[in-house]
Amino acid sequence: MANDYPFQEIVAAVDKLAAKGALCYQKFTCEKCGERLTMDEPNVLYKTGTCDKCGHVTNIEKNGCNYQVMFSVARKAS
């Protein structure tokens with residue numbers, strides 16, 4: 001699937017980023033309809049995911065996934 005990488009590689013990357021305070025949202029591609037989906041809970045990686053569009057359950061652990069990362073940037077008061 002486009003932009004999806006092996007599940008264990010994503011687990012390792014998210015673990016490192018989360019330890020630094022990042023919020024990581026898992027993304028995956030529905031293996032049936034091709035819809036790109038994002039999980040709602042940060043720093044939690046699921047092995048399966050249900051498509052909002054067609055209802056199919058994708059084996060994310062087998063097919064791979066990716067993530068979106070968000071960092072908080074602190075500004076110094078002036």
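**Entry 1: N43**

I began with N43, which is partly exposed at a relative accessible area of 32%; here buried means under 20% relative accessible area, exposed over 50%, and partly exposed in between, with a 1.4 Å probe and protein chains only. I noted that this is a predicted model, in which local features need pLDDT of at least 70 and side-chain atom pairs count only at pLDDT 80 or more, while totals for chains, interfaces and linings use all residues. Residues are numbered from 1 along each chain as its sequence is written, and side-chain values use heavy atoms, with hydrogens and water left out.

I then looked up where N43 sits, and found it in the loop between β2 and β3 (48–50). Its phi is positive, at about 60°, although N43 is not a glycine.

**Entry 2: the chain as a whole**

I found 2 helices and 5 strands in the chain, where helices (H or I, at least four residues) and strands (E, at least two) are DSSP runs numbered from the N terminus. Read from the N terminus on, the elements follow the order α-β-β-β-β-α-β. The C-alpha trace spans about 50 × 25 × 20 Å along its principal axes, and 28% of the 78 residues count as buried.

**Entry 3: the sheet**

Which strands form the open sheet, and in what order? I found 3 strands in the order β2-β1-β5, with antiparallel pairing; two strands pair if DSSP finds at least two bridges between them. β2 (36–38) and β5 (66–70) stand at the edges with a single partner strand each, so one side of each is left without a neighbour in the sheet. Neighbouring strands of this sheet are turned by 30° against each other on average, direction ignored. As a reminder to myself, strands of a sheet pair through backbone hydrogen bonds, either parallel or antiparallel.

I followed β1 (residues 23–29) next, and saw that 5 bridges join it to β5. In that pairing L23 stands opposite M70, and the bridge partner of Y25 is Q68. Towards β2 I counted 3 bridges from β1, again antiparallel, with T29 standing opposite R36. β1 is mostly covered, since 5 of its 7 residues are buried.

**Entry 4: the hairpin loop**

Between the strands of the β1 and β2 hairpin there are 6 residues, and in this hairpin G34 takes a positive phi near 85°. I also looked up E31, found in the loop between β1 and β2, which counts as partly exposed at 32% relative accessibility. Although E31 and T58 are 27 residues apart along the chain, their C-alpha atoms are separated by 5.9 Å.

Helix α1 (residues 7–19) lies across β1 and β5, running at about 10° to β5; axes are lines fitted to C-alpha atoms, for helices over the stretch in contact, and angles run from 0 to 180 degrees between N-to-C directions.

Leaving aside its neighbours within four places in sequence, V14 is in contact (heavy atoms within 4.5 Å) with C24, N43, L45 and Y67, which brought me back to the residue of my opening entry. V14 and Q68 are 54 residues apart in sequence, and their C-alpha atoms lie 9.6 Å apart in space.
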